[in-house]
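Please read the points alongside the sequence and the coordinates.

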Amino acid sequence: MDRTPPTRHPAGFRSALRTTAEKAASRLGPYGAMWITLVLGGVFVVVMTYLASEVYEGVTEDDGLAGLDQPLLAWVMSWRSGALNTAITWFTHTGGTIGMPIIAILAIITLTYRSRSWRPFLLIASSALGSLAMTIAGKNLFGRARPDRADAIPPYETSPSFPSGHTLNATAIIAVIAYLWFLELEKRMARAWMIAGSAAYVVLIGLSRVYLGHHWLTDVAAAWMLGLMWAALVVLAHRVFHTVRRVRRDRQAGNAPTA
């Protein structure tokens, strides 16, 4: 059975949320409210991608975070070795166009079976589509060149560098999967290990892109930010769904005839 995420809000916020949910419940229904949240989130994604471009331009103009790009790449190059290069190349592929879909599909199958609901499919698919849209939009907006091939480890990639697609997609998808698993797990220690493992994976995917010379540090940092923002919107859509469904059930129970 699908888990309902716990709701703990201040009284004022809870009252406003309930009022809004009551209106949405009568007009849209739970799924309608969830889809509208995702659509509005999609608009937000476009805005945030544009803002990320503005922030990036400001950073590069002031030689801020971008000033660390070349020195950091030079530093990680000093750590390279044949065995480590091979291991990190294999690892980074888990966040790529083959590895990440496999992870997402396995998570969808497992979570759908455990929850007896199609919502894991909707949420994970939404996280994947949104992150893919941000990746494509960001690359088309910037067209930033990747580090020189002389500084990179093959196989080489030819698409624009900003943002890191591996990092953005892994961040958004793994964050939503972690959220859904959090609802399924009951033991506090299991939840803690799951969150820690998910966070470590996302961080290491980003760092692997820098180590391999496939992206700059700024590409990865922006991808982490955008991926987390989109995952948060997908989680919000799920919470809206449960809030609206709960309100609708409460209203139906209140209007039900007594025996």
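1. In what follows, contact means heavy atoms within 4.5 Å. The model under discussion is predicted. On that basis, Ala-104, Ala-107, Ile-108, Leu-111, Thr-112 and Ser-115 of helix 5 meet Pro-120, Phe-121 and Ile-124 of helix 6.

2. The geometry of the pair deserves mention. Helix 5 spans residues 99-115 and helix 6 spans residues 119-142; their axes come within 8 Å and cross at roughly 155°. Angles over 145 degrees count as roughly antiparallel, and helix 5 and helix 6 are therefore roughly antiparallel to each other. The crossing of helix 5 past helix 6 is right-handed.

3. Helix 5 and helix 6 also take part in the largest pocket, as does helix 7 (165-184): each of these three supplies at least two residues of its lining. Which helix gives the most to that lining? It is helix 6, with 9 residues.

4. The space in the largest pocket amounts to about 560 Å³. Its lining consists of 27 residues, and those nearest the centre of the pocket are Gly-95, Gly-96, Thr-97, Pro-101 and Asn-169.

How values were computed:
Residues numbered from 1 in each chain as written. Predicted model: local features only at pLDDT ≥ 70, side-chain atom pairs only at ≥ 80, totals over all residues. Heavy atoms only, no water. Axes fitted to C-alpha atoms, helices over the stretch in contact; angles between N-to-C directions. Helix = DSSP H or I, 4+ residues; strand = E, 2+ residues; numbered from the N terminus. Parallel < 35°, antiparallel > 145°, perpendicular 65-115°, else oblique. Left-handed = near helix turned anticlockwise from the far one by under 90°. 1 Å grid on protein atoms, 1.4 Å probe; cavity = no way out; pocket = protein on both sides within 12 Å on 5 of 7 lines; lining within 4 Å. Points joined across faces, edges and corners; volume = space filled by probe spheres on them.
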